[in-house]
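Okay, thanks for coming, everyone. Let me put the structure up, and then I'll walk you through a few parts of it.

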Amino acid sequence: MLITHDTRCALDTVVDLVNTAPEDDAAADGLADVAALDDFVRNHKVSEIGTLSEFDLSAVRRIRGRFAAIFEAPDARTAAGLINDLVAAAGTTPRLTDHDGYDWHVHYFAPGASLSDHLAADCGMALAFFVVAGEQERLRRCEAPDCRRAFVDLSRNRSRRYCDSRTCGNRLHVAAYRARRKEAAG
Ligand SMILES: [Zn+2]
Ligand SMILES: [Zn+2]
């Protein structure tokens, strides 16, 4: 499937957003305060965002949970329902733009939208394209048992299993290798 630059940016943003969630109650939240949210917005070059508040922080944390559910959806119909709810609640005003030197692309968020509505509309639509293309399975969670980070599998044959093959993939290979050696030695 063809993935345009802006869709790619929206995908990177939503994956990173989902992965800021603490893995368990003991872990730190990647969006601990408004300053962290500010950094997130700057790092992901989210356009047309004004001054952020505690309200934005709690709203973004809320949609983060809803995006996480989309990456866990067992099938396209479930994902479609979740995406529809998310995008409908955000409200959209599709319009063409070539801001900041980018090629023409569509912004979905309404002008003046809050950060959470902006993310829900544009990242929600980026995920919607995967359902439309019959590629919903590419929205995944890492298969390493202690990881579960979200990622988008953009490999040709949808074969990617880990969020990062150098860390999670490699760690599991080493564990399997050690287990085999132990078995052979025992
Ligand atoms: Zn844009
Ligand atoms: Zn992982």
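So, His 118: setting aside residues up to four places away in sequence, His 118 touches Val 46, Ser 47, Ile 49, Phe 109, Ala 113 and Cys 123, where touching means heavy atoms within 4.5 Å. Before I go on, this is a predicted model, where local features need pLDDT of at least 70, side-chain atom pairs count only at pLDDT 80 or more, and totals for chains, interfaces and linings use all residues. Residues are numbered from 1 along each chain as written, chains are lettered from A and ligands numbered from 1 in written order, and side-chain values use heavy atoms, with hydrogens and water left out.

Back to His 118, which sits in helix 5 (residues 115-132); helices are DSSP runs of H or I, at least four residues, and strands are E runs of at least two, numbered from the N terminus. His 118 counts as buried because its relative accessibility is 6%, and buried means under 20% relative accessible area with a 1.4 Å probe, protein chains only.

Now the largest nonpolar core: it has 39 residues, and Leu 119 and Leu 127 are among those with the most contacts inside it. Helix 5 gives the most to this core, with 9 residues. By nonpolar core I mean buried Ala, Val, Leu, Ile, Met, Phe, Trp, Tyr and Cys residues joined through side-chain atoms within 4.5 Å.

And what coordinates the zinc ion (ligand 2)? Cys 142, Cys 147, Cys 163 and Cys 168, each through SG, at 2.2 to 2.4 Å; donors are N, O and S atoms within 2.8 Å of the metal (3.2 Å for Na, K and Ca), and water is not among the atoms, so sites may look incomplete. In sequence, these donor residues are spaced C-x4-C-x15-C-x4-C. Cys 142 and Cys 163 are both buried.

Key:
Buried means under 20% relative accessible area, exposed over 50%, partly exposed in between (1.4 Å probe, protein chains only).
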